[in-house]
Amino acid sequence: MTTKPVVIAGAGAAGLSLAVHLLDSGWTDPLVLVEPREHYRDDRTWCYWHFGDHPFEGCVSRRWRRWRLRAADRDVVSGSTQHPYCHIRGGDFYDHALERLRSHRQVHLELGARVIDVEDKADGVRVETTGGVIDGRYLFDSRPTPVADGLIQHFAGLFVRAEADVFDPSTPTLMDFQAIRPTVDGVPLTGVHFIYLLPFSAREALVESTLLTPRDEFSGLASVETGHVNAALAYLERDYPAAHVAVLRRERGAIPMAIPAEVRSTPSPDFPKRRSHRPSAVIPIGTAAGCARPSSGYAFDAIQRTSGAMARALTLGHDPRDVQVWRRRARWLDRIFLSFLESRPELAPSVFTSLFDHLPGDLMPRFLSDRESIPEVIRMMSAMPVGVFTREWLRVQTA
């Protein structure tokens, strides 16, 4: 009897990562990836703090051991030798993943195909695509899950080349809250705004305008992209007047800063009593599984961690549904911090810079990656405005 394939819906960061982790784990059964795009291009970047090797280590183009945050009252430079901040170009990531997939006969990548319908069956899953029907063992689904509430982190970035040596290649700026706020039709956009700048050399950098906006105030990337681009250019003109930059290419994106509804009910070791019915053969991955940390938007490290765990579970014959994206403590802290960002956005610059200023450089990467200890959580919370966060904790408890 032919072995049913494992199917992956979406061959972006999450889908390709899972496939490569499976191959690295010794997977030999059929594997099908269904991807709407017809070809790949260098359309995005990923950054993360390093906590261990993964299959895409060779794609890392830069590592920084220092980083900066700026607000009106503070200019903070922090860093970590243990957990450097790493950058991966989308094109390098795609090339490496596709080369790995092409080297295995049991892997089939369907480009230009979409998942139309999914039927969860007792013995697996039936996946209808624009290219036909696949009867699979599991469907790992990276298609975006609608989120009705919460914040959206949206951004537009410019890869630029300056005419002079103006950037400090040793220190990226993770958040500069002194940036000029983007506007649409002359009206400033609301929310928490900052500029993110990655210096690749003294003359080349990625500069992004980023905004955290309530979902009901976000009308889509197309409507705000020009505002973001103008804010990034104004920032460069103000802070790097000698740059006279040429724009090489652009990137843009939007990340939901909330826990997707389906993830809240996904079985995990923390919530074994939720399995009151037959476990689904459809398993969310990537952003659909909440891998983008709700309080920060960082996703690449969580994608690699969960992909590796799921691949090991499948290869060993264990249940991949038991892989946990974030610990319960992280979910609780995220809910409090998101409530704070929604209710008191004007305090965000001082709180972010205070955390990075008062806590050791190694601690912030551990916290943002859900690797901190309980004493470190207490230390981190002691660096926050106690009254404000107590109110948010009470708000979350009664919500």
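**View 1. Asp 239 and Arg 70 form a salt bridge.** The closest N and O atoms of Asp 239 and Arg 70 are 3.0 Å apart. Asp 239 belongs to helix α3 and Arg 70 to strand β5 (residues 66-71), so this pair ties together parts that are 169 residues apart in sequence. The model shown in this and the following views is predicted. Asp 239 is partly exposed, at a relative accessible area of 23%. Arg 70 also counts as partly exposed, because its relative accessibility is 21% and buried means under 20%.

**View 2. Arg 74 and Asp 357 form a salt bridge.** Here the closest N and O atoms are 3.4 Å apart. The pair links distant parts of the chain, with Arg 74 in strand β6 (residues 74-79) and Asp 357 in helix α7 (residues 348-358), 283 residues apart. Arg 74 has a relative accessible area of 24% and is partly exposed. Asp 357, at 39% relative accessibility, counts as partly exposed.

**View 3. Glu 35 and Arg 37 form a salt bridge.** A distance of 2.9 Å separates the closest N and O atoms of this pair. Glu 35 is buried, its relative accessible area being 6%. Arg 37 counts as partly exposed, with 23% relative accessibility. In the whole structure, a search finds 27 salt bridges.

**View 4. A patch of negative charge lies on the surface.** Asp 149, Asp 216, Glu 217 and Glu 342 gather in this patch. Glu 217 is placed in the loop between β18 (204-214) and α3 (221-239). With a relative accessibility of 47%, Glu 217 counts as partly exposed.

**View 5. Helix α1 is mostly covered.** The helix runs over residues 13-24 and has 12 residues. From its first C-alpha to its last, α1 reaches 16 Å, close to the 16 Å expected at 1.5 Å a residue. Of its 12 residues, 11 are buried, including Ala 13, Leu 16, Val 20, His 21 and Leu 23. Gly 26 follows α1 and has a positive phi, near 95 degrees.

**View 6. Glu 251 is located in strand β19.** This strand covers residues 246-257. Glu 251 is buried, with 6% relative accessible area. The C-alpha atoms of Glu 251 and Ser 350 are separated by 28 Å, and the two residues are 99 residues apart along the chain.

Key. Residues numbered from 1 in each chain as written. Predicted model: local features only at pLDDT ≥ 70, side-chain atom pairs only at ≥ 80, totals over all residues. Heavy atoms only, no water. Patch = residues over 30% accessible without salt bridge, like charges linked within 9 Å, V, L, I, M, F, W, Y side chains within 5 Å. Areas by Shrake-Rupley, 256 points an atom, 1.4 Å probe, with all protein chains shown as cover. Salt bridge = Lys/Arg side-chain N within 4 Å of Asp/Glu carboxyl O. Lys, Arg positive; Asp, Glu negative; His and termini not counted. Charge placed at Lys NZ, Arg CZ, Asp CG, Glu CD. Helix = DSSP H or I, 4+ residues; strand = E, 2+ residues; numbered from the N terminus. Buried < 20%, exposed > 50% of the residue type's maximum accessible area, 1.4 Å probe, protein only. Expected span 1.5 Å × (residues − 1).
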